Amino acid sequence: MGSSHPASPALSMAMVFFSVCAFLCVLPELAVAKHAGVTRHYKFNIMSQSVTRLGKTKSIITVNGQFPGPRIIAREGDRLVIKVVNHVQNNVTLHWHGIRQLRSGWADGPSYITQCPIQTGQSYVYNFTITGQRGTLWWHAHISWLRATLYGPIVILPKKHVPYPFPQPFKEVPIIFGEWWKADTETVINQAIQTGSGPNVSDAYTINGLPGPLYNCSAKDTYKLKVKPGKTYLLRLINAALNNELFFSIANHTFTVVEADAVYVKPFSTKVVLITPGQTTNVILRTKSKSPNATFVMAARPYVSGPAAFDNTTTTGLLEYETSISSNRNKNKNKNKKKLLLLTPVLPKLNDTTFSMKYNKKIRSLANPKFPSANVPKTVDKKFFFTVGLGLSPCSKNQNCSGPNNTRVAAAINNVSFVQPSTALLQAHFFNKTKGVYTTDFPANPLVKFNYTGTPPSNIAVSTGTKVVVLPFNTRVELVLQDTSIIGAESHPLHLHGFNFFVVGFGFGNFDPKNDPKKYNLVDPAERNTIGVPSSGWVALRFLADNPGVWFMHCHLEVHTSWGLKMAWVVMDGKGRHQKLPPPPSDLPKC
């Protein structure tokens, strides 16, 4: 399983040893990565596993029987070769969220966009190089709602001998938030699509797969982070929840935010982190100089901006200080947690949209001499204005849907609700067989203008289609995303595959094309792959279309993706040899 290039016997042995380690233990420790080769092999067996949460046991889909899934560790510049073997009845794809996939779109993973799914008993090798990226990203299933349990962290270390732009932490800890249903999640979304109503909300949130003691039968399922006094810890936060943005805090402690979506940011202090599904945030936690006589609760609960039903619960874990244990008496004392104070954090109100806006304004690119701000396009070639929101769509005659006149809730971009094709868009594009698969008439602007954040129009029906936008290679794009009040205003975390974009502006109300661009930040804008479109507001993004292929853009609230809040960009090949998408690998799954 080593590299295909000739190597010395010593190097070959090292690579074989590394491959075996990777397959057997999937690199559980950061230390392993610091001495590994440039090609890292993983084997992901998609398999069922019985897991008990909230006092109920159910079978879930996992990678290698682990929940959450195994950690991927690499360095900037490394190549990852991940063999995925499907041992379950469901079709599966995996997406490496935030990886640029430069000229490797075949490995991006969204089902029916860049590949057909991996069917039962089949396998596919995801082969890609991490170029110009370092930090925290994550991987997850990208078909239906399977990502409810199929997810895990991606830790990209800097190149060897390249330090962080902050002091080396004492320890690095991934913290991944999730969402748990007692029911089977595929049944949940299938029932919702059949009835045309919103799906049943989750029963719990989780921290590293554990709900914590605020839920029934869950005291033993509590995540505990043991820390030493006077140390710094780098917490790699990932929101893998399906449908909820989350506030996160640790009692009596302050975070320093140093990275968002695997891009270093100007450090800022905060007691609360806000993180949408799909986003990652690295924070430094500095522990107290002496072990306090207390245990500190860490808590995450939803930020809710829309009218829909939601899971109004809180997941908690514990931050526990280690004490020097030199005698049995001290050991016993340390075990007796009842003697320690239990301190809980204060989180913002569930609907604190003001906090959301203020928090996001603090996130700015580092933009210093060692890490200059990436090349935000100062001028643009093409401008797009996309409304994002909800609407209604007619149900078929044999359905009995809950909406008025037998309609169901739908979601759309520029009033186009995306229809999933039966052939992968990237294959259709590459082999020039697009007829009957997709059309290239996705509207650059809303076809009907209205007061987007005011009184909705009387007709809220959406249109449907598999429509894309075609961009010539190296097009400089400006995209304004505008929330609408149809059915209800709501924050929408939009994720763009294949690119990072620059967040050059955002605000409340309707975007003003004359005055708002005057206030754009073109000096140190945040560079991200997922951004929350403000509830009753807008966000302006810029990116350079320098990556040939077909790139999915969708809301990372899974329910909205299921309802059609998604579209795709087709970026054409450039003229240069390194500006073209290579042919697909021979094992690319067939539909």
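## A buried arginine and its partner

With 1% relative accessibility, R147 counts as buried (under 20% relative accessible area; exposed is over 50% and partly exposed lies in between, for a 1.4 Å probe and protein chains only). The model is predicted, so local features need pLDDT of at least 70 and side-chain atom pairs pLDDT 80 or more, while totals for chains, interfaces and linings use all residues. Residues are numbered from 1 along each chain as its sequence is written, and side-chain values use heavy atoms, with hydrogens and water left out.

The side chain of R147 meets that of E558 in a salt bridge, at 2.5 Å from N to O (a side-chain nitrogen of Lys or Arg within 4 Å of a carboxyl oxygen of Asp or Glu). Helices (H or I, at least four residues) and strands (E, at least two) are DSSP runs numbered from the N terminus. E558 also counts as buried, at 7% relative accessibility.

## Further salt bridges

The structure holds 15 salt bridges. One of them joins the side chains of R364 and D524, at 3.0 Å from N to O. R364 belongs to the loop between α5 (353-362) and β21 (382-394), and D524 to the loop between β28 (501-508) and β29 (526-528), so the pair ties together parts that are 160 residues apart in sequence. R364 counts as partly exposed at 34% relative accessibility, whereas D524 counts as buried at 9%. K266 is linked with R364 and D524 in a network of salt bridges.

Another salt bridge is formed by the side chains of E478 and R542, at 2.8 Å from N to O. E478 is part of strand β26 (residues 475-483) and R542 of strand β31 (residues 537-545), so parts that are 64 residues apart in sequence are tied together. E478 and R542 are both buried.

## Aromatic pairs

The count of aromatic pairs comes to 34 (rings of Phe, Tyr and Trp, the last by its six-membered ring, with centres within 6.5 Å; planes under 30 degrees apart are stacked, over 60 edge-to-face and the rest tilted). Among these pairs is F296 with Y321, which is edge-to-face at 5.7 Å centre to centre and 65° between the planes. The pair links distant parts of the chain, 25 residues apart: F296 in strand β18 (residues 294-303) and Y321 in strand β19 (residues 315-321). F296 counts as buried at 1% relative accessibility, as does Y321 at 6%.

F418 and F552 form a tilted pair, 6.3 Å centre to centre with 55° between the planes. F418 in strand β23 (residues 416-418) and F552 in strand β32 (residues 549-555) are 134 residues apart, and their pair links distant parts of the chain. The relative accessibility of F418 is 7%, so F418 counts as buried; F552, at 5%, counts as buried too.

## A ring cluster and a charge over a ring

Y42, F44, W96, Y124, Y126, F128 and W139 are linked by ring pairs into a cluster.

The ring of W180 has the charged end of K58 over it, 4.7 Å from the ring centre (NZ of Lys or CZ of Arg within 6 Å of the ring centre and within 35 degrees of the ring normal).
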